[in-house]
Amino acid sequence: MTAHQVSSAEVTEPHDAVPPEADSAELAALSPRRRGFSPRAVLRTLRHHPLGVVGALLLILVFGFCFLGPLLHRTDQTDVDLLNAALPPGPGHPLGTDTNGFDVLGRLMAGGRVSLQIGLLAALFATTLGTLYGAVAGLAGGLLDGFLMRVVDTLLSVPFLFFVLILSARFHANAVSLSLVIGGFSWLVSARLVRGEVLTLRVREYVLAARVMGTSRRRLILTHLIPNALGVIIVNITFQVADAILVVASLGFLGFGLTYPTADWGSQLASGATYISADYWWLIYPVGGCIVVTVLALNLLADALRDTLGRRAD
């Protein structure tokens, strides 16, 4: 049924009220099933993407290392122990100790847990804000859409890391505030992606039919547009987590990250880099490897999800 047919039906039979149940059933019949997001179907398809499987397995290992590892390898990451400072890897300290006497392996777990938490929170905040903004802009169209997108273009022209550095230096950084700052500057890409997807969805028959039946814009966005754009949203949130982890590492390396006693991978890398001439390799390579493996795993998984969901949409 097209929008023209729905309009004709209402003109020829103006006194026939359509029950809400009929509206729901008719819209369900019009909705394209092939665009529906089915986690089981995506997982089945993802199994045939080797790099995606590698990325998922690496990500599971990273999460297990950061969140379950401290339960098996308990260390004190609060009290400085200068008597055991800068010890090379050996019994009791598989990756040695840093210049403050902290166990490097335990420090990696603690720093990874914080980095992942910030990345996930920042990505969720950015994706939520960007999705709503982009959906409103795409559905509205016209002058409002043009104005909202010019705002996005203007903000995208501003150096992201520059403003994050200023805010981090001005305010005391903790995990939550850093997540909100990163997410507050990362939603722009999500907004553009979702807006582009909504532009293609709003001309679909089920959206036109819902509009003719008097569905509010709020319900149209939350019930019909965003659920059918979940593929783009999920792929984007995976990239957002990787980007947020890199931003946290960059801030920590530049000295604007989290403060003691909270650890993150960036500050650990910066601390180890100052002793590179002393051949303290265990302070540099393990944390650098953790950052590379985590970002690589997220990007491999995101690429696989993009290919998988793109094929399902086609």
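Here is a quick tour of the structure above, from the overall fold down to single residues.

This is a predicted model, so local features need pLDDT of at least 70, side-chain atom pairs count only at pLDDT 80 or more, and totals for chains, interfaces and linings use all residues. Residues are numbered from 1 along each chain as its sequence is written, and side-chain values use heavy atoms, with hydrogens and water left out.

**The whole chain**

- Of the 314 residues, 40% count as buried, where buried means under 20% relative accessible area, exposed over 50%, and partly exposed in between, with a 1.4 Å probe and protein chains only.
- The accessible surface comes to about 16400 Å², and 66% of that belongs to carbon and sulfur atoms; areas come from the Shrake-Rupley method with a 1.4 Å probe, and for residues only the protein chains shown count as cover.
- Among contacts (heavy atoms within 4.5 Å) with a separation of 6 or more, 76% are between residues 24 or more positions apart.

**The nonpolar cores**

- A nonpolar core is a set of buried Ala, Val, Leu, Ile, Met, Phe, Trp, Tyr and Cys residues joined through side-chain atoms within 4.5 Å.
- The largest one has 26 residues, and Leu108, Ile245, Trp265 and Leu298 have the most contacts inside it.
- Helix 4 (50-72), helix 5, helix 11 (230-254) and helix 13 (285-313) each supply at least two residues of this core, with helix 13 giving the largest share, ten residues.
- Apart from this core lies another of 14 residues, including Val194, Tyr206, Ile221 and Ile233.
- Leaving out residues up to four places away in sequence, Leu108 touches Phe65, Leu95, Trp265, Gln268, Pro286, Val287 and Cys290.

**Cysteines**

- There are zero disulfides in the structure, a disulfide being a pair of cysteine sulfur atoms within 2.5 Å.
- Take Cys66: the closest cysteine sulfur is in Cys290, 6.8 Å away, so that is too far for a bond.
- Both are tucked away from the surface by the cut-off: Cys66 is buried at 0% relative accessible area, and Cys290 is buried at 15%.

**Arg107 in helix 5**

- Arg107 sits in helix 5 (residues 104-140) and is buried, with a relative accessible area of 10%.
- Not counting residues up to four places away in sequence, Arg107 touches Gln77, Asp98, Phe102, Tyr260, Pro261, Ala263 and Gln268.

- Ser179 lies in helix 8 (residues 175-201) and counts as buried at 1% relative accessibility.
- Beyond its neighbours within four places in sequence, Ser179 is in contact with Gln117, Ile118, Leu121 and Ala122.
- Leu188 is also in helix 8; it is buried at 5% and touches Val152, Leu155 and Leu156, residues up to four places away aside.
- On the surface, Leu121, Phe125, Leu129, Val176 and Leu180 form a nonpolar patch with about 400 Å² of accessible area together.
- Patches are made of residues with over 30% relative accessible area and no salt bridge, with like charges joined within 9 Å and nonpolar side chains (Val, Leu, Ile, Met, Phe, Trp, Tyr) within 5 Å.
- Helix 5 gives the most to this patch, three residues, while Leu180 belongs to helix 8 and is partly exposed at 42%.

**Salt bridges**

- The count comes to four salt bridges, each a side-chain nitrogen of Lys or Arg within 4 Å of a carboxyl oxygen of Asp or Glu.
- Asp145 and Arg195 meet in one of them, at 2.7 Å from N to O. Asp145 lies in helix 6 (residues 142-156) and Arg195 in helix 8, so the pair ties together parts that are 50 residues apart in sequence.
- Asp145 is buried at 6%, whereas Arg195 is partly exposed at 23%.
- Arg192 pairs with Asp153, their closest N and O atoms being 3.3 Å apart. This pair also links distant parts of the chain, with Arg192 in helix 8 and Asp153 in helix 6, 39 residues apart.
- Arg306 and Asp303 form a salt bridge at 2.7 Å, N to O, and both lie in helix 13, three residues apart, about one turn of the helix.
- Salt bridges that share partners join Arg150, Asp153 and Arg192 into one network.

Terms used: Helices (H or I, at least four residues) and strands (E, at least two) are DSSP runs, numbered from the N terminus.
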